[in-house]
Amino acid sequence: MSTANKVRKLSMAEAISEGIGQEMARDERVFVMGEDIGKYGGIFSATTGLLDQFGPERIMDTPISETGFMGAAIGAAAEGLRPISELMFVDFFGVCFDQIYNHLAKNTYMSGGACKFPVVITTGIGGGYNDAAQHSQCLYAMFAHVPGLKVVVPSNAYDAKGLMIQAIRDDNPVVFMYHKGIMGLSWMSYFEGSTNEVPAEPYTIPFGQAKVVRDGKDLTIVTLSQMVQKSVLAADKLAAEGIEAEIIDLRTLVPLDKETVLRSVAKTGRLLVADEDYLSFGVSGEIAAIVAEQLNHLQLKAPVRRLAVPDVPIPFSRPLEQFAIPQVDAIAAEARALMQLTLD
Amino acid sequence: MDPTSEQLLWMYEKMVEIREYEETMAKVYLEGKLPPKIQKGLAFDIGAGPVPGEMHLAAGQEPVAVGVCAHLRREDTVVGAHRPHHFAIAKDVDLLGMTSEMFGKANGLGKGKGGHMHLFDPAVKFSCSGIVGAGAPQACGAALAAKKLGKDWVAVSFFGEGAANQGAFHEALNLASLWKLPVIFVCEDNKYGISVEKSASTAIESNADRAAGYGMPGVLVDTNDAVAVFRAAGEAVARARRGEGPTLIEVKTDRYLGHFQGDPETYRPKNEAQQLRQHDPIVILGAQLRARGELDDAKDAALRSTISARVQAAYEHGRNSPYPAPEDALLHVFAD
Ligand SMILES: Cc1ncc(C[n+]2csc(CCOP(=O)(O)OP(=O)(O)O)c2C)c(N)n1
Ligand SMILES: [Mg+2]
């Protein structure tokens, strides 16, 4: 039994569903609302099997009324329940952002800490399969920008389960963003590194702890979500050329583990941020700023480089999309270019 | 208002064209997406093949598109949703440009940037969106513009019964009625929003009843029949052109295929689609035309072969046209 557990591999979708199910079994205040999360198990399979296990009272298919059920999550949380509310694609945030941005994120603060809103918003992010401008965005920087939302962006099944259980137990709003291209779906190609060993028992991973996915001495790649998997493949290529990249998986954006980033950059002296969100005003700029603020404590060997979507909506056509969303080769090329740079 | 023979024939031909278009797409879409050519362990790969991404087809829903668009002129606006091909074809959107767009080609309507849910053809005032419920307010805007410009143009918003639960839909209805806008809201009730049955998403039987809450006529067309839609739409469009304000029309229609291609359709009875096909609106209209002496086997075969040639040529055009250069991704964020 214990050996069987040891080698058990789950896809990220299975790990998320399992984490939610275990918390629902433990805590009857937890319930899930969202479009197509019942019979269909969620478009991206994040609630697979839960309807059978918990029934329609706790696994609630909603109308296509994002403002309605996001607002309802806030109201139910204020009454002591612990809703998980699925926004099918993060791109649909536009429909319900008032509930999220002006209420969910701020009510605790505006109440002087008197009110708690333990809501988890789960949502699918990312492109790579030609779903075009309204179904391919990452947008985590939008959510991380407003104070009051914790933002979780896992890159693999093990982390996803631990972070999901942590999210459900948190008394604050948490936006849990899963990239479609690492969920291990049977109908979308995915990066296989995201399917990994997942313990059967419940466990948590604290927020604000980045993970060093790969040790290296030559440069630091700070990244998250599916880009972690791409960066690992890029690092393999680079290693064959004698360049040792250290990869930092941020895992959560809010809270952000600055120390791990700074420690690594202090060691390598070179920073590349690899991001699938838009370039400007986002994660890559934030990480660069954190390093810039510490230049009296650490020594860079080269200017910071940023790789992200070059401030264009995600285009539909394959060659356009492959250009706009950074791919493995682009990460490797940026790393090589960074190795050629010096400060003088 | 009853359709003339010419209008009946137009609707019939357009429905045949739409069906041929959708059925061809269902086949082309599968190219390259199935094992063994895809990642090991996958049953299907949405991002593979010549037409990648999501694909929502409208086979079965043709009467809604043709019954309404039969009354429209080039200057009238149509705003569709994520399942847009039938409206586009009925509004005379450039078939070659639309097809190229779905192949992601440089000569597509959006130069490959938009794809199948985001078709824009300003020449015939057609647009659509992948965000459910987003179209209705925009149709109000087009109607408002017509009013401000002193034209008798109308605007049509097409959307599904699922979209009628979005706040945007309700705000649009109020706005249109308040400002007496020449807009026609057309709800396609195909009984499902992806996997969710209407009875599980909508508090009332008929969306047409919601019109009363906004002070506008609500018309229920309870059969998937082009002539019935034609009659309802004729009155609504005439009313809008006369400056008497909006109408909400609800059509009970049928979705023959999955929500999107590749949909396992586990949420509906296995033979449901097959049963729906027993009431094929194309067959029904064909029979009506035959009864009127407007159609016979020879004429039917001739028009079908012309239409088929046009549709197949559009697919060849899309398939054989060149892709945009990768760096073209950087163009058109802003207007020049
Ligand atoms: C704002 C928003 N929410 C959810 C979705 C996902 N989605 C796409 S189509 C669809 C169902 C739409 O149902 P309906 O309006 O009845 O149109 P149909 O697909 O039946 O033509 C859903 C939920 C979306 N695209 N946009
Ligand atoms: Mg529907």
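# Exercises: two interfaces in a predicted model

The contact between the chains takes 51 residues from chain B and 40 residues from chain A, where contact means heavy atoms within 4.5 Å. This is a predicted model, in which local features need pLDDT of at least 70 and side-chain atom pairs count only at pLDDT 80 or more, while totals for chains, interfaces and linings use all residues. Residues are numbered from 1 along each chain as its sequence is written, chains are lettered from A and ligands numbered from 1 in the order in which they are written, and side-chain values use heavy atoms, with hydrogens and water left out.

## Exercise 1: chain B against chain A

Describe the area buried between chain B and chain A, and the polar contacts between them.

**Solution**

1. Start with area. The size of an interface is often given as the accessible area lost when the parts come together. Here that buried area (1.4 Å probe, summed over both parts) is about 3,500 Å², with 61% from carbon and sulfur atoms.
2. Next, look for salt bridges (a side-chain nitrogen of Lys or Arg within 4 Å of a carboxyl oxygen of Asp or Glu). The rule finds 0 of them between chain B and chain A.
3. Now count polar contacts. These are pairs of N or O atoms within 3.5 Å; within protein, one must be able to donate a hydrogen and the other to accept it, and residues adjacent in sequence count only if both atoms are side-chain atoms. There are 19 such residue pairs between chain B and chain A, both at pLDDT 80 or more.

## Exercise 2: two domains of chain A

Find the domains of chain A and describe how they meet.

**Solution**

1. The domain assignment, automatic or from a database, gives domain 1 (3-199) and domain 2 (211-339) of chain A.
2. The C-alpha centres of these two domains of chain A lie 25 Å apart.
3. In chain A, 31 residues of domain 1 touch 30 residues of domain 2.
4. Together, domain 1 and domain 2 of chain A bury about 2,400 Å², 56% of it on carbon and sulfur atoms. On the domain 1 side, A:Asn130, A:Tyr140 and A:Phe191 supply 28% of the area buried against domain 2, more than any other three residues.

## Exercise 3: charges between the domains

How many salt bridges link domain 1 and domain 2 of chain A?

**Solution**

1. The count is 2 salt bridges.
2. For a worked example, take A:Asp159 and A:Arg251: they form a salt bridge whose closest N and O atoms are 3.1 Å apart.

Technical notes:
Buried area = accessible area lost by both parts, 1.4 Å probe.
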